[in-house]
Amino acid sequence: MTTEGEYESVLCVKPDVNVYRIPPRATNRGYRAADWKLDAPDWTGRMRITAKGKVAYIKLEDKVSGELFAQAPVQEYPGIAVETVNDSSRYFVLRIQDDNGRSAFIGVGFGDRGDAFDFNVALQDHFKWVKQENEIIKNAQAADSGPKLDLGFKEGQTITLNIGQGKKRDKPRPQSSGGLGLLPPPPGGKIALPPSSSNHNTVPPTVGVTQIGCLLELDSSNSNTVVQSNPSSDLWGDFSAPASSVPPPAPRQDPTSGNWVQF
């Protein structure tokens, strides 16, 4: 039922609809549109479907003046207020009521099948919304009637919060990508570089120097001439001097000269 203060909304409007007088239903099999005089409708006008609260109203109005011809209040769908026929999807049976509460059944039909589809969908959407509203009200009443959860503190009850005293987690050590790890270099170690090939100062071989020293000793044993060596000179010579800087051996004297002493 409607209450005061509820507004009326328009659900669907169809400009062409035909109204027929229908014979009483003889059996429980339903209505048949073939039993009506479809080629001679009793009234032609406009249909407007409105909703006020949870009740829908199917209003048949004049096309020009908008005067109300009849209306059918619908409180549920499908139901007795709107019924379909057995032999067509374009025709319906409506139960109309006047202000005094008297009711009668009439037949309505649409010339286009799409208009009949819109009429059917408009009523389905409205009562789907009504069903959802009833479930919301039912759940709200069930929540109010049930015991309420008391989350408040009792008298003398306290709570302790530990902020910033969480356990420190050890950071995971990074793992090497390869199977074997590389050892670090020794501290302070230096790697000696090989001598450059561009250095022309070469060390003379020790074999040549040794042979030259032996020749000098042999000459000194056969001659009374004393060969004085420079004490400041080194047997190895200057490493920076080339091998050609070594002094040549003393020349051998002729034994027939008078400088030789005969033994």
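## Aromatic pairs

Seven aromatic pairs are present in the structure. In the pair formed by Phe110 and Phe119, the ring centres lie 5.7 Å apart and the planes meet at 45°, so this pair is tilted. The model is a predicted one.

Both residues of this pair can also be described by their accessibility. Phe110 has a relative accessibility of 1% and therefore counts as buried. Phe119, at 0% relative accessibility, is likewise buried. The cut-off behind both assignments is under 20% relative accessible area.

A cluster of aromatic residues is found as well: Tyr20, Trp36 and Tyr91 together make up one aromatic cluster.

## Secondary structure

The protein contains seven strands and two helices. Read from the N terminus, the order of elements is β-β-β-β-β-β-β-α-α.

## Burial and surface

The protein has 263 residues, of which 21% count as buried. Phe110, at 1% relative accessibility, and Phe119, at 0%, are among the buried residues.

## Contacts along the chain

Among contacts in the protein with a separation of 6 or more, 58% come from residues 24 or more positions apart.

Conventions:
Residues numbered from 1 in each chain as written. Predicted model: local features only at pLDDT ≥ 70, side-chain atom pairs only at ≥ 80, totals over all residues. Heavy atoms only, no water. Helix = DSSP H or I, 4+ residues; strand = E, 2+ residues; numbered from the N terminus. Buried < 20%, exposed > 50% of the residue type's maximum accessible area, 1.4 Å probe, protein only. Contact = heavy atoms within 4.5 Å. Phe/Tyr/Trp six-rings, centres within 6.5 Å; stacked < 30°, edge-to-face > 60°.
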